[in-house]
Amino acid sequence: MTAPLRLVAYLLARLDWTGPSPNERKTHDRQQRGETVADAAHRLTEPYHRVRAAHSTVQRPPASDEHRRAMLEQLTAGLAAKKAAVAARAR
């Protein structure tokens, strides 16, 4: 892409600024009395965010130095065995 700002300007020029936004259209019938569009959108997405946060995976603590050393030794031993097998086949 040679001119990313021109793409942004083009996309903004294609937007229909005269009517309601897509977000306003989605929340129009779901707004409560005296509620703004932003408040309605926040209220409608809040349960989704709560469920997503509750079901997101928690990362385990980082591996200990002993575990890393053991895994490195296992990896180097496996690679050395493969290298030896390739060398034996090449003879």
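Accessible areas here come from the Shrake-Rupley method with a 1.4 Å probe, and for residues only the protein chains shown count as cover. On that basis the chain has an accessible surface of about 8900 Å². Carbon and sulfur atoms hold 59% of that surface. This is a predicted model: local features need pLDDT of at least 70, side-chain atom pairs count only at pLDDT 80 or more, and totals for chains, interfaces and linings use all residues. Residues are numbered from 1 along each chain as its sequence is written, and side-chain values use heavy atoms, with hydrogens and water left out.

**Overall fold**

- The chain has four helices and zero strands; helices (H or I, at least four residues) and strands (E, at least two) are DSSP runs, numbered from the N terminus.
- Along the sequence the pattern reads α-α-α-α.
- The radius of gyration is 29 Å, well over the 12 Å that the globule rule gives for 91 residues, so the chain is more spread out than a compact globule.
- That radius is taken over C-alpha atoms, and the globule rule is 2.2 Å times the number of residues to the power 0.38.
- Along the principal axes, the C-alpha atoms fill a box of roughly 80 × 40 × 20 Å.

**Burial**

- Buried residues make up 4% of the 91 residues.
- Buried means under 20% relative accessible area, exposed over 50%, and partly exposed in between (1.4 Å probe, protein chains only).

**Thr 27**

- Thr 27 lies in helix α2, residues 22-27.
- Thr 27 counts as buried because its relative accessibility is 3%.
- Beyond residues up to four places away in sequence, Thr 27 touches Val 37, Ala 40, Ala 41 and Leu 44; contact means heavy atoms within 4.5 Å.

**Glu 35**

- Glu 35 sits in the loop between α2 and α3 (37-55).
- Its relative accessibility is 16%, so Glu 35 counts as buried.
- Leaving aside neighbours within four places in sequence, Glu 35 contacts Arg 30, Ala 40 and Arg 43.
- The side chains of Glu 35 and Arg 43 make a polar contact at 3.0 Å.
- A polar contact is a pair of N or O atoms within 3.5 Å; within protein, one must be able to donate a hydrogen and the other to accept it, and residues adjacent in sequence count only if both atoms are side-chain atoms.

**Nonpolar surface patch**

- Met 1, Leu 7, Tyr 10 and Leu 11 make a nonpolar surface patch of about 450 Å².
- Patches are made of residues with over 30% relative accessible area and no salt bridge: like charges are joined within 9 Å, nonpolar side chains (Val, Leu, Ile, Met, Phe, Trp, Tyr) within 5 Å.
- A salt bridge is a side-chain nitrogen of Lys or Arg within 4 Å of a carboxyl oxygen of Asp or Glu.
- Leu 11 belongs to helix α1, residues 4-14.
- At 44% relative accessibility, Leu 11 is partly exposed.
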